[in-house]
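Colleague: I would like a close look at a single part of this model. Please take it slowly and keep to plain terms.

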Amino acid sequence: QQFREVHLNRKDELGMLAAGLNRMGIQLSDYIQYQKQFVSNVSHELKTPLAAIKGFSQYLYEGENEDEELQKIYYHLVNESDRLTLLINELLMLSRFDKAGPDEMDTEKTDLTQLAEQVATGVRAKADSKGIELTIRQGPHAFVYVNQVLMSHAIANVLDNAIKYSDPRTRISIEVLIREQEAIVQISDQGIGISADEIARVQERFYRARNASAAGGTGLGLSICKEIAEKFGGHLSLESQLGAGTSVSIHLPLL
Ligand code: ADP
């Protein structure tokens, strides 16, 4: 019910915006395009100065310094510039999607099972260091047509979230399934979960659930995964129970 209300409100807002723009002789689609271009330009402009800030904070932090308070500030600066760098890289990735069509991307026949295993192996150390058991469930080989770098990025992102939003001594599993004409990478955790009224919104750009604030993040990761899946004719689906766990599935057309 709440979900429907949220979407009706958003539709109304968009309708009002479109009507207002119309009065000024501007099309909503042009306006959205302009906004996307603006974000892309600003992100590019921020990259260089941010790299300088990061470099200098790192230099200060690693330098000889006895003052503990100052050292804390330098540490904070390094962390904050890392966070901004992540945000900017994610924004740039989204703006690349806004521009590139599927034909402009390098795609190839890919064994999704093998790719998922490779990615899981890459994040295993991170799970281990948090005391989380990551299991790869052996499944059938499933072939899909994707860009392997982007697809690895999407799977890694979902796995990173599973680790980030889970407590130590819990489990995460990754499995590739075949259902009808689809290959599905399913990643299930026993973490904090997402409430029913928010589950439809977490794939939106910048949306973060109420219970996520303790963990750092930009709210862009899942929207990037969604766009990657959609680029290759697929989609994301989520199932979750607050306080019990989440299962995120990346669906792709089977070759
Ligand atoms: P973030 O950078 O905040 O992690 P994402 O776009 O990756 O952003 O995810 C959006 C939101 O979805 C998160 O802020 C969090 O509220 C929720 N979320 C995503 N994955 C999980 C998960 N495995 N468990 C619980 N909540 C999750």
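Which residues touch the most other members in the largest nonpolar core?

Modeller: Bear in mind that this is a predicted model. The largest nonpolar core holds 48 residues, and those touching the most other members are Met 151, Ile 155, Leu 159 and Ile 250. Helix 5 gives this core its largest share, nine residues. In soluble globular proteins, nonpolar side chains tend to be buried together.

Apart from its neighbours within four places in sequence, Leu 159 is in contact with Val 119, Ala 120, Val 123, Leu 134, Ile 172, Ile 174 and Ile 187.

Val 185 counts as buried because its relative accessibility is 0%, and buried means under 20%. Ala 200 is 15 residues from Val 185 along the chain, and their C-alpha atoms are separated by 19 Å.

Helix 5 also has a part in the second largest pocket, where nine residues from this helix make up the largest share of the lining. Strand 5 is among the elements that each supply at least two lining residues. The pocket has about 740 Å³ of space. Its lining has 37 residues, and Asn 157, Asn 161, Lys 164, Tyr 165 and Gly 221 are the closest to its centre. By type, the lining divides into 19 nonpolar, twelve polar and six charged residues.

How values were computed: Residues numbered from 1 in each chain as written. Predicted model: local features only at pLDDT ≥ 70, side-chain atom pairs only at ≥ 80, totals over all residues. Heavy atoms only, no water. 1 Å grid on protein atoms, 1.4 Å probe; cavity = no way out; pocket = protein on both sides within 12 Å on 5 of 7 lines; lining within 4 Å. Points joined across faces, edges and corners; volume = space filled by probe spheres on them. Helix = DSSP H or I, 4+ residues; strand = E, 2+ residues; numbered from the N terminus. Nonpolar A, V, L, I, M, F, W, Y, C, P; charged D, E, K, R; others polar. Core = buried A, V, L, I, M, F, W, Y, C linked by side-chain atoms within 4.5 Å. Buried < 20%, exposed > 50% of the residue type's maximum accessible area, 1.4 Å probe, protein only. Contact = heavy atoms within 4.5 Å.
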